[in-house]
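Colleague: I would like to learn how to read the features of a structure like this one. Please take them one at a time.

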Amino acid sequence: MVVDEEGFRYPQVGKDVCIDCHLCEKVCPIINVRPEVKHGQHGYLLQLKDDAIRKESTSGGSFTAIASWVIQHRGVVYGAAFDMVVNRVKHCPATTFAELGKFRNSKYVQSDIGDTYKDIKRNLQEGKWVAMSGTPCQIEGLVHYLRKPYDKLVLIDVVCYGIPSPGLFTDYLAYMQKNIGGHFKKVLFREKRLCYNYTSFSLYNEDSKLDYHKGVESEPFMRSFFSDMNVRPSCYDCKFKKRYRVSDFTIWDCYDVKQFSKNFDDAGTNRVLVHTGKGMSILDAIKDSVRLEEYKNLDYFIADEIAMVKSVPINPKRADFFKDYQTMEFGAFLNKWFPTTFKIRLISFLRKTAFRLGIYNESKRFVKKILAKN
């Protein structure tokens, strides 16, 4: 795997050792794109009853609930975790409940799969239960790699907007470390520091006085992602954006849960699409550990989640953005593209004020209605 000038990793064929078996082409999920096949689905709202773990989770804790079932059955769970030694997100295994903590909270950067697919195949061949959580492309990549179904494989994909550059993020952390000082011990891309609907990007330091917290509207790295510039090129034409998927579960946020049900609080809820009988069996097995409510109108259930079925739009300034990334001093690069303008300060002030007044969620609903009418 070779890193390009934008900080993304790409496979490079070792032609001197290639034996012309063409297996890489046979299992490539892009060359062999699977057509979307409609199948029966069930939609659920889900909250983990353990509120402490739910607070650590990006939304409702559904991944932890499913993964815990696999651990209970002496299985292995694979997910994306942040490696603070190399400042990189990597897929790795977990075999205990305590280890599942490293997978909680979204990672807004591409994870390094490494030998995960090989390890999963070996564990499956040994008869173990295995759960794999990842983006839709990673899940379909695994399905193609395995080349046959396994009864004890549990696949969990997330609704993915797009994948930011891991190289740029490593440089960003190095820049922040130099400017803040101390030593970072934890990165949280979406911390429920104030509330679920007002998430913060956080860098926790060994010296707590140097901790860094910023809302996504003002945090430079998060702004680079949500401006549709810091995104892998393939994400602008994603082949895996679809409603009917090869996974057992598709999970994503339910920010405004009140529009679906009055029976859930605002501290974090997942929407879950269950695609298989295996998924339904597991959901039934974990029902005592979660708050669960089925939602019958699936068209409405997924209607507002555009990222499920549509690729991220390309920002026309993307080429200039990455050209500056390659040529400019990093601090100057950030200040050029994401300055803290009056508009940014005003948006941040209004969001925090709405939160302090206890009207944040209501304000978001009002703004959404106004934008929808226009």
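Colleague: Which charged end sits over the ring of Tyr204?

Modeller: A charge sits over a ring if NZ of Lys or CZ of Arg is within 6 Å of the ring centre and within 35 degrees of the ring normal. Here the charged end of Lys186 is placed over the ring of Tyr204, 5.0 Å from its centre. Lys121 likewise lies over the face of Tyr145, at 5.8 Å from the ring centre. The model is predicted: local features need pLDDT of at least 70, side-chain atom pairs count only at pLDDT 80 or more, and totals for chains, interfaces and linings use all residues. Residues are numbered from 1 along each chain as its sequence is written, and side-chain values use heavy atoms, with hydrogens and water left out.

Colleague: How many aromatic pairs does a search of the whole structure find?

Modeller: A pair of aromatic rings is described by the distance of the centres and the angle of the planes. Rings of Phe, Tyr and Trp (its six-membered ring) pair if their centres lie within 6.5 Å; planes under 30 degrees apart count as stacked, over 60 as edge-to-face and the rest as tilted. The search finds 36 such pairs. One of them, Tyr175 with Phe330, is tilted, at 5.6 Å centre to centre and 50° between the planes. This pair links distant parts of the chain, since Tyr175 in helix α6 and Phe330 in helix α11 are 155 residues apart. Helices (H or I, at least four residues) and strands (E, at least two) are DSSP runs, numbered from the N terminus.

Colleague: Is Phe330 buried or exposed?

Modeller: Buried means under 20% relative accessible area, exposed over 50%, partly exposed in between (1.4 Å probe, protein chains only). Phe330 counts as buried because its relative accessible area is 14%. Tyr175 has 21% relative accessibility, so Tyr175 counts as partly exposed. Another pair, Phe201 and Tyr212, is edge-to-face, with 6.3 Å centre to centre and 80° between the planes. Phe201 is in strand β9 and Tyr212 in strand β10 (residues 212-215), 11 residues apart. Both Phe201 and Tyr212 are buried.

Colleague: Which residues have the most contacts inside the largest nonpolar core?

Modeller: A nonpolar core is a set of buried Ala, Val, Leu, Ile, Met, Phe, Trp, Tyr and Cys residues joined through side-chain atoms within 4.5 Å. The largest one has 36 residues, and Phe169, Tyr172, Phe189 and Phe201 have the most contacts inside it. Elements giving two or more residues to this core include β4 (76-83), α6 (166-180) and β8 (184-195). Helix α6 supplies the largest share, five residues. Apart from this core lies another of 28 residues, among them Leu46, Leu48, Ala67 and Leu100.

Colleague: What is the order of the strands in the open sheet?

Modeller: Two strands pair if DSSP finds at least two bridges between them. The open sheet has eight strands in the order β5-β4-β6-β7-β11-β12-β3-β13, with mixed pairing. Its edge strands, β5 (88-94) and β13 (290-295), each pair on one side only. Within the sheet, β7 (residues 153-158) and β11 (residues 249-253) pair in the parallel sense over three bridges. Ile156 stands opposite Phe249 in β11.

Colleague: Why is helix α3 largely enclosed by the rest of the structure?

Modeller: Helix α3 (residues 62-72) is largely enclosed because 10 of its 11 residues are buried. Among them are Phe63, Ile66, Trp69 and Val70. Arg74, which follows α3, has a positive phi, near 60°.
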